[in-house]
Amino acid sequence: MENKVKKGQKLEKWIACLVKLHGLGKASRTPRSGAGLKKGDVWSNLDFTIEAKNQKTIHILKWIDQAKQEAEKGNYYPTRWAVAFQDPRSPSENPEIYIVIDIDEFLRMCKIIERVKNEKKPENRELLYEVERAKQLIKKIEKLIKQGRL
């Protein structure tokens with residue numbers, strides 16, 4: 001059985017990998033869980049402060065309060081906080097991870113998605129290349145997970 005710290009760090013690394021895998025820029029575990037200048041458990045290029053939780057018991061309101069406090073301290077957008085948590089019923093090799101965010105931020109993102117969906121886009125060779133590259137990255141990550149290196 002993994003100890004609490006290692007379980008948390010594993011989820012933080014996993015979330016950082018997902019951010020990078022989805023092409024959203026740089027991401028990594030925040031050293032000392034946001035005790036320094038960088039706040040939140042996962043540092044990334046995203047406008048959100050991300051708190052990661054991998055616990056047996058879900059304490060969502062407590063976690064939201066913590067994420068809000070971290071966002072107020074270290075984010076240009078104090079309302080852009082996110083709580084990422086692993087479903088304790090899911091396997092650690094391929095965890096189900098959920099995100100809780102403020103409803104206004106969710107609707108803001110939905111509005112952006114709708115605007116993008118309504119724009120016409122020509123076929124993009126570069127995008128197809130990036131998708132293929134992402135597939136290869138997924139295979140590498142799966143291999144690292146199977147080897148227990150991630």
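This note walks through the cores, aromatic pairs, salt bridges and surface of the structure above.

1. Basis. This is a predicted model: local features need pLDDT of at least 70, side-chain atom pairs count only at pLDDT 80 or more, and totals for chains, interfaces and linings use all residues. Numbering starts from 1 along each chain as its sequence is written, and side-chain values use heavy atoms, with hydrogens and water left out.

2. Main core. A nonpolar core is a set of buried Ala, Val, Leu, Ile, Met, Phe, Trp, Tyr and Cys residues joined through side-chain atoms within 4.5 Å. Buried means under 20% relative accessible area, exposed over 50%, and partly exposed in between (1.4 Å probe, protein chains only). The largest such core has 11 residues, among them Leu11, Ile15, Val19, Phe48 and Ala84. Two or more residues come from each of α1 (4-21), β3 (49-53) and β4 (81-86). Helix α1 gives the most, with 4 residues. Helices (H or I, at least four residues) and strands (E, at least two) are DSSP runs, numbered from the N terminus.

3. A second, separate core has 7 residues, including Ile64, Ala67, Ala71 and Trp81.

4. Aromatic pairs. Rings of Phe, Tyr and Trp (its six-membered ring) pair if their centres lie within 6.5 Å; planes under 30 degrees apart count as stacked, over 60 as edge-to-face and the rest as tilted. The count is 2 aromatic pairs. Tryptophan 63 and phenylalanine 85 form a tilted pair, 5.9 Å centre to centre with 50° between the planes. Tryptophan 63 lies in helix α2 (residues 60-74) and phenylalanine 85 in strand β4, so this pair ties together parts 22 residues apart in sequence. Both residues, tryptophan 63 and phenylalanine 85, are buried.

5. The second pair. Phenylalanine 85 also pairs with tyrosine 98, again tilted: 5.8 Å between centres, 50° between planes. Tyrosine 98 lies in strand β5 (residues 97-101) and phenylalanine 85 in β4, so the linked parts are 13 residues apart in sequence. Tyrosine 98 is partly exposed, at 34% relative accessibility. Trp63, Phe85 and Tyr98 form one aromatic cluster.

6. A salt bridge between elements. A salt bridge is a side-chain nitrogen of Lys or Arg within 4 Å of a carboxyl oxygen of Asp or Glu. The count is 9 salt bridges. Arginine 29 bridges to glutamate 12, with the closest N and O atoms 2.6 Å apart. Arginine 29 is in strand β1 (residues 27-29) and glutamate 12 in helix α1, so the pair ties together parts 17 residues apart in sequence. Glutamate 12 is buried at 4%, whereas arginine 29 is partly exposed at 24%.

7. Salt bridges within helices. Glutamate 70 and lysine 73 meet at 3.7 Å, N to O. Both lie in helix α2, 3 residues apart, about one turn of the helix. Glutamate 70 is buried at 11%, but lysine 73 is exposed at 59%. In helix α3, lysine 117 and glutamate 114 are likewise 3 residues apart. Their salt bridge spans 3.0 Å, N to O. Elsewhere, shared partners join Asp47, Arg80, Glu105 and Arg108 into one salt-bridge network.

8. Buried threonine. Threonine 49 lies in strand β3 and is buried, at 4% relative accessibility.
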